[in-house]
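Student: Hi! Could you walk me through a protein structure today?
Tutor: Happy to, let's look at it together.

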Amino acid sequence: MEPSLNDIDDMIVHEKRQAALEYQNEAWADGMADGIEPEIIADAAIAHAIRETIRNQGEQGAEALLESLRERMLAGEFSPNRTLQ
């Protein structure tokens, strides 16, 4: 059975997300190696992401992103102790 176009699109988004996370991990490690505190790195990354989202999708797009992140956080998606089932 061949994957559908939606399946292919989902795989592409997943691969892009993985690549983006690798870039973010490298930037995080570089900042830490330069002595920048994690809270400052996080604040700068979040502020930059919000600015770019507003630039690309407007304030409503940024608000939707923040609400999605809030729901994912409350669901435990970002918890370091999270176990996948």
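Tutor: What follows is a short chat about this model, which is predicted.

Student: Okay, how many residues does helix H1 have?
Tutor: Helix H1 has 29 residues, running over residues 5-33. From its first C-alpha to its last it reaches 42 Å, close to the 42 Å expected at 1.5 Å a residue.

Student: Let's move on. Where is Thr53 found?
Tutor: Thr53 is found in helix H2, which covers residues 38-74.

Student: Is Thr53 buried or exposed?
Tutor: Thr53 counts as buried, because its relative accessibility is 13% and the buried class is anything under 20%.

Student: Which residues does Thr53 touch, not counting those up to four places away in sequence?
Tutor: Those are Gly58, Gly61, Ala62 and Leu65. There is also something to see at Ala49: its backbone oxygen lies 2.8 Å from a polar atom of the Thr53 side chain.

Student: New topic: how many salt bridges are in the whole structure?
Tutor: A search of the whole structure finds 2. Arg55 forms one with Glu52, and their closest N and O atoms are 2.5 Å apart.

Student: Why would side chains like that pair?
Tutor: Side chains of opposite charge can pair when their charged atoms come close.

Student: And how are Arg55 and Glu52 placed in helix H2?
Tutor: They are 3 residues apart in helix H2, so about one helical turn separates them. Arg55 is exposed, with a relative accessible area of 58%, whereas Glu52 counts as partly exposed at 27%.

Student: Which side chain does Arg72 meet in a salt bridge?
Tutor: Arg72 meets the side chain of Glu77, at 2.8 Å from N to O. Arg72 is partly exposed, with a relative accessible area of 29%, and Glu77 is partly exposed at 32%.

Student: Last one: how far apart are the C-alpha atoms of Ala45 and Asp34?
Tutor: Those C-alpha atoms are separated by 16 Å, and the two residues are 11 residues apart along the chain. Ala45 lies in helix H2 and is partly exposed, with a relative accessible area of 31%.

Note on methods. Residues are numbered from 1 along each chain as its sequence is written. This is a predicted model: local features need pLDDT of at least 70, side-chain atom pairs count only at pLDDT 80 or more; totals for chains, interfaces and linings use all residues. Side-chain values use heavy atoms; hydrogens and water are left out. Helices (H or I, at least four residues) and strands (E, at least two) are DSSP runs, numbered from the N terminus. Buried means under 20% relative accessible area, exposed over 50%, partly exposed in between (1.4 Å probe, protein chains only). A polar contact is a pair of N or O atoms within 3.5 Å; within protein, one must be able to donate a hydrogen and the other to accept it, and residues adjacent in sequence count only if both atoms are side-chain atoms. Contact means heavy atoms within 4.5 Å. The expected span of a helix is 1.5 Å times one less than its number of residues. A salt bridge is a side-chain nitrogen of Lys or Arg within 4 Å of a carboxyl oxygen of Asp or Glu.
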